[in-house]
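User: Hi! Could you walk me through how to read the features of a protein model?

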Amino acid sequence: MKFLDLCKVYIRSGAGGGGCISFRREKYIEYGGPDGGDGGTGGSVWAEAVDGLNTLIDFRYQQHFFAKNGQPGMGKQRTGKDGEGIVLRVPVGTEILDEDQETVICDLTEVGQRVQLARGGNGGWGNLHFKSATNQAPRRSNPGQDGVERTLWLRLKLIADVGLLGLPNAGKSTFLAATSNARPKIADYPFTTLHPNLGVVGVDNTEFVVADIPGLIEGASEGRGLGDLFLGHVERCSVLLHLVDGTSDTVAEDYQTIITELDAYGGDLADKPRVTVLNKVDALDEEERSEKAKELMKACGGSVMLMSGVAREGVVEVLRTLRGEIDEDKLRLKPAEEAVQWQP
């Protein structure tokens, strides 16, 4: 399945049915009169967040969504049938934007959350509604109300507790593969990760979700590399894990490159809690570890943790630090393994 996190859709709600002009004409009934029914209401367009989706690829092949029109009224006081509505089922974490791509109409962050995007038109009144003591044979009715037509943008921001940041080949995918059942592509060349990956990580009988996004490079805010297109996927995270390649000769510059791109992206992303980790320390001796850790601490102005995703060195300590930054109500208890009864 391909990953798609931004798409345009065209929606239109159904128009209401027109009212009917009709009169009773039974042969043996002494008094007739108007009996035109009302038109049916047009169908509405809804958006609903559902479980089991993590991409907007379904909207790549169908962009137009039109609800049904209401049927017109009929004689004998019969009301027209209401038009059927239509539901856009989107992944949890989808933002719905207006055509300008700036105005946020709604943000679907919970399973089952539902919002009306376009309301169906009301049905018109038949001539029965216009009967009065002074107008006993009205010959007028109302047309149905037109539907609403809109152009919208759907933007997906993955729901995760921890977001991974770093330059290409900083070891983000390796860390995700070492701590979860996710199997992202890992190779020895830059930009092996082309789309975000999610993994469920467990530590101390609790679980949380980690999001791995493609690496940033200098000038990403100006469109270099893969740009900052995927930074939106870590906006909802409680904490950011910043991995710095320990085998690099410029760890301080590498750290500052990412911070500069976060500032250029804007929002409160740069102000989120961050855990800075010097990665790939299995390739360094004790003297190099100490020297580069001090250099990185001076650059970030805080504490630095040492880790190796491949050798699993320091991984548990990093996970426990991340767990401490996540709110307790967002953590999920790890399911207990079923006890296996002994049998002879």
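Analyst: Happy to; we will take a strand residue, the nonpolar cores, a cavity and a loop residue in turn. Keep in mind that this is a predicted model.

User: Let's begin with Glu48. Where is Glu48 found?

Analyst: Start with the secondary structure: Glu48 sits in strand S2, which covers residues 45–50.

User: Is Glu48 buried or exposed?

Analyst: The cut-off for buried is under 20% relative accessible area. Glu48 has 18%, so Glu48 counts as buried.

User: Which side chain makes a polar contact with the side chain of Glu48?

Analyst: That is Arg114, and the polar contact is 3.1 Å. If you set aside neighbours within four places in sequence, the contacts of Glu48 include Val87, Leu88, Arg89 and Val90, along with Leu108, Gly112 and Gln113. Arg114 is on that list too.

User: Now the nonpolar packing. How many residues does the largest nonpolar core have?

Analyst: It has 26 residues, and Leu165, Leu231, Val234 and Leu262 have the most contacts inside it. Strands S11 (206–212) and S12 (239–245) and helices H3 (251–265) and H4 (286–300) each supply at least two residues of this core. The largest share is from H3, with five residues.

User: What is Leu231 in contact with, leaving aside its neighbours within four places in sequence?

Analyst: Leu231 touches Leu165, Ile213, Leu216, Leu262, Tyr265 and Leu269. There is also a second, separate core of 24 residues, with Ile11, Val92, Cys106 and Leu154 among them.

User: And how do I read empty space?

Analyst: The general idea is to roll a probe the size of a water molecule over the atoms, which shows where empty space is left. In this model, the count comes to one cavity of 30 Å³ or more. The largest cavity holds about 40 Å³ of space.

User: Which residues line the largest cavity?

Analyst: The lining is made of Gly166, Leu167, Ala170, His242, Leu243, Val244, Asp245, Asp254, Tyr255 and Ile258. S12 and H3 each supply at least two of the lining residues, and S12 has the largest share with four. By type, the lining divides into six nonpolar, two polar and two charged residues.

User: One last stop: where is the place of Ala15?

Analyst: Look between the strands: Ala15 is in the loop between S1 (6–12) and S2. Beyond its neighbours within four places in sequence, Ala15 is in contact with Gly42, Asn69, Gly70, Gly121, Gln145, Asp146 and Gly147. For a sense of distance, the C-alpha atoms of Ala15 and Glu313 are separated by 64 Å, and the two residues are 298 residues apart along the chain.

Notes: Residues numbered from 1 in each chain as written. Predicted model: local features only at pLDDT ≥ 70, side-chain atom pairs only at ≥ 80, totals over all residues. Heavy atoms only, no water. Buried < 20%, exposed > 50% of the residue type's maximum accessible area, 1.4 Å probe, protein only. Polar contact = N/O pair within 3.5 Å; in protein donor to acceptor, adjacent residues only side chain to side chain. Contact = heavy atoms within 4.5 Å. Core = buried A, V, L, I, M, F, W, Y, C linked by side-chain atoms within 4.5 Å. 1 Å grid on protein atoms, 1.4 Å probe; cavity = no way out; pocket = protein on both sides within 12 Å on 5 of 7 lines; lining within 4 Å. Points joined across faces, edges and corners; volume = space filled by probe spheres on them. Nonpolar A, V, L, I, M, F, W, Y, C, P; charged D, E, K, R; others polar.
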